[in-house]
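Hi,

Here is the structure I promised to pass on to you. Have a look at it first, and then read my notes below.

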Amino acid sequence: MTAFVVAWLTVREAARRRLFIALLLITAAAVTLTAWGFAQVRDALPPGTLTSDVERQLIYAQLLILVTFMFSFVLALSAVFIAAPIVAGELESGIALALLARPVRRVEYLVGRWLGVAALVFGYAVGAGVAELVVVRLITGYAPPSPVPAIGYLCAEALVLLTLALALSTRLSAITAGVIGVAIFGLAWIGGIVGGIGVALDEPGISRVGEISRLLLPTDGLWRGVAYHLEPTPLLLAAQGAGPAAAAFPFFAAEPPSTPYLAWCAGWVVLVLGLAIVSFRRREI
Amino acid sequence: MTGTSVGSKDPDRPSAPQASPGGDPSAIETRGLVKRYGRTVALDGLTMSVPRGEVFGFLGPNGAGKTTAIKVLLGLTAPTSGGAWVLGRPAGDLVARRRTGYLPEMFRYQAWLTGREVLGVHCRLIGLPRSEWDSEIRATLEGAGIADRGGDRVAGYSKGMQQRLGLAVALLGRPDVIFLDEPTSALDPVGRLEMRPILRALRDRGATVFLNSHMLSEVEQVCDRVAILERGRVAFMGPLAELLEERLVRLRMTGLGDTARAILGRFGRVAEESGWIEVRGCDPARIPDLVAELVAAGARVHAVEPRQTSLEERFRALVAGGDR
C-alpha cells in the first residue's frame with residue numbers, strides 16, 4: 001500500500017540523514033549522565049531500615065519522574081521538528097512534484113508521512129525509555145510500578161504533537177510550522193500549570209484554563225498519565241493525601257487520565273489528521 | 001462538459017469522469033481551461049488538443065501559463081474552471097497518472113538516496129511488478145546517460161545529472177504521455193543533442209511527448225506540432241511546418257522612397273530589422289521581380305537574402321511584449 005511505501009521512505013530518510021545516530025548518541029549521553037546522578041544519590045543515602053527503603057523509593061521515583069519530564073520535553077520537540085519539515089520541506093524544495101504526479105492519493109502520501117514520523121518517534125520513546133529504566137534499575141534496584149503504560153503515554157503525547165506539526169506543515173513553511181507547534185506546546189504546558197494552581201486554590205475560573213488547554217492540546221493531560229504510572233504506592237498516597245494542592249505541582253498526578261479523556265485524545269488525533277488531509281488535498285502544488 | 005472542472009478542488013477526486021469530447025480520446029485535451037491565482041490569471045480559456053504519438057511543443061514567454069497548464073493536467077493544481085483530460089480521463093485521474101511520466105522544471109529528488117533507489121521508489125509508486133524493476137531501472141538510467149552513476153547518492157550529482165535522473169524517472173514504466181518541462185535547461189550542448197533521439201524514439205513507439213521549452217532551436221528539431229501560449233491563451237497551434245512555412249526575403253537597400261515602399265508592400269508584409277528590410281510572405285519565385293521593380297523605382301539594392309522564418313522569429317512575431 002502506498003502509505004506504507006511513503007512511511008518506509010520517511011524512516012529511510014531519517015536513517016540516511018543520520019537522525020538515528022544523533023538520537024542514539026544523545027540518548028547514550030543522557031542515560032549515562034542520569035546513571036551517574038542516580039549512583040551519586042544512591043551512595044549518599046543511608047542503607048538499612050524499612051523507613052529508609054521507603055524514603056529511597058520516594059526519592060528515586062521523584063528523580064525518575066523529573067528525568068522523564070525532561071525527556072518528554074525533548075521527545076515533544078523532536079516530534080515537532082521531525083514532522084514540521086516532512087511535508088513542507090518537500091513542497092518547498094520541489095521534491096513533492098515528481099512524487100505527487102505519480103498515481104498516489106494525497107491522503108496516502110500524508111498518512112504515510114504520519115506513520116513514518118510516528119514510527120520514528122515511538123521508536124525513540126521506547127528505546128530511550130527502556131534504556132533509562134534499565135539503567136536506573138541496575139544502579140538503584142528501583143523500578144517504577146507501571147513502566148509500560150508510562151511509555152505508552154509518552155508515545156501518545158508525542159503523537160499529538162507530531163500530528164499537529166504535520167497538519168501545520170500542509171499550509172505553512174517548515175520553520176513556521178515548527179515554531180508554532182513548539183509555541184502551542186509551551187502554552188498548553190503553562191495552561192496545565194495554571195489550571196493546577198486554580199484547582200489548588202479552589203478557583204474554578206482559573207482551573208478551567210487547565211481544563212480547556214488539556215482539551216485543545218492534550219499533551220499536558222497525557223503527561224499526567226506518564227507521571228501517574230511512574231508513581232510508586234507511597235508517592236501516590238502522598239499525592240492523594242496532599243489533596244487539591246498536589247494538582248498545582250506538574251510532576252504529581254493523583255489519578256490517571258479518565259477513559260473519556262483518553263477517548264477525547266484519540267478523537268483529537270483523528271480530527272487533526274483529518275483536517276490535515278483535507279488541507280493537503282486542496283493544497284496547490 | 002467537464003473533466004477536472006468547476007467546483008472540483010480535490011486533485012485526487014476530479015468531477016465525474018467523462019470521455020473527452022470527440023470520441024477517440026486524444027493524449028491531452030483542454031477546453032476553456034481557466035486558472036486564477038487571486039487576481040492573476042494564469043490560464044485564460046486554454047483550449048488545445050494533442051493527438052497521440054507525437055512530440056508536441058508548448059511554447060510561450062515567461063508567465064504565459066505553461067507550467068500551470070502542465071500542473072493542471074497532472075492534477076497538481078485544480079483549475080478555476082474549464083475541462084482537462086489526459087488519455088481520455090479527467091486530469092488528475094489516478095489511472096491516467098499511472099500511464100504518465102513527468103520531468104518538472106524544478107527537478108529535485110531525494111538527495112539521501114542513490115539514483116537507483118530514487119527510481120526504485122517510483123517503480124513502487126507506479127506499481128511496476130518487482131521482477132521488472134531491475135531491467136526498467138537499468139534501461140532508464142542508460143537512456144538518460146547516467147548508468148555509471150546510478151549507485152551514487154543524488155546529493156553528489158551535478159545539476160545536469162539530476163535533470164537526467166529526472167528524465168529517467170519520467171520514462172519509467174514506458175508511459176504513454178510524458179510531460180517534460182524545460183528538460184534541457186541544465187544540460188550542456190552535448191546533452192541537449194542527446195535529448196533529440198530520445199524524444200524521437202518515444203514518438204516512434206507511440207508515446208506522446210508534451211515538451212515545454214524555451215530552447216526554440218531544440219523544439220524546431222524534434223516537435224511535430226506546437227502551441228504558442230500568450231497570456232494564458234493559445235496564440236497559435238498547429239504543425240511546426242505550418243508555423244515555419246512563411247517565407248521572407250531580406251534586403252539591404254538605400255534610396256528607399258515612397259514609391260519603393262509601396263512596391264515592397266505589394267509583395268508582402270514589410271518590417272525593418274537592424275538595417276535590413278524584411279518582406280514576409282514573399283513568394284521566392286517573385287524575388288527577381290521585386291528587385292527589378294525596386295531598381296526601376298530608383299532604389300539601390302545592396303543585398304538580397306531569401307530565408308525561411310525561424311521558430312524564434314515566428315515566436316517573437318506572435319508573442320507581444322516579450323518577458324514579463
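A word on confidence to begin with: pLDDT is the predictor's confidence in each residue, on a scale from 0 to 100. This is a predicted model, in which local features need pLDDT of at least 70, side-chain atom pairs count only at pLDDT 80 or more, and totals for chains, interfaces and linings use all residues. Residues are numbered from 1 along each chain as its sequence is written, while chains are lettered from A and ligands numbered from 1 in the order in which they are written.

Chain B has an average pLDDT of 86, and 90% of its residues score at least 70. Two stretches of chain B, residues 1–8 and residues 14–21, stay under 50. Where pLDDT is low, the predicted coordinates should not be read in detail. For the complex, the predictor gives an ipTM of 0.85 and a pTM of 0.84.

Now the fold of chain B. You will find eleven helices and 14 strands there; these are DSSP runs numbered from the N terminus, with helices (H or I) of at least four residues and strands (E) of at least two. Of the 324 residues in chain B, 43% are buried, meaning that 20 or more other C-beta atoms, placed from the backbone, lie within 10 Å of the residue's own.

Strand 6 of chain B pairs with strand 7 of chain B (residues 177–181) in the parallel sense, over four bridges; two strands pair if DSSP finds at least two bridges between them. In strand 7 of chain B, I178(B) is the bridge partner of G101(B).

Next, where do the chains meet? The contact takes 23 residues from chain B and 22 residues from chain A, where two residues are in contact if their C-beta atoms, placed from the backbone, lie within 7 Å. On the side of chain B that touches chain A, helix 3 of chain B supplies the largest share, five residues.

Finally, the largest nonpolar core has 145 residues, and among its members A79(A), V121(A) and F210(B) are some of those that touch the most others. Such a core is a set of buried Ala, Val, Leu, Ile, Met, Phe, Trp, Tyr and Cys residues joined through C-beta atoms within 7 Å.

Enjoy exploring!

Conventions: A residue is buried if 20 or more other C-beta atoms lie within 10 Å of its own, exposed if 12 or fewer, and partly exposed in between; C-beta atoms are placed from the backbone.
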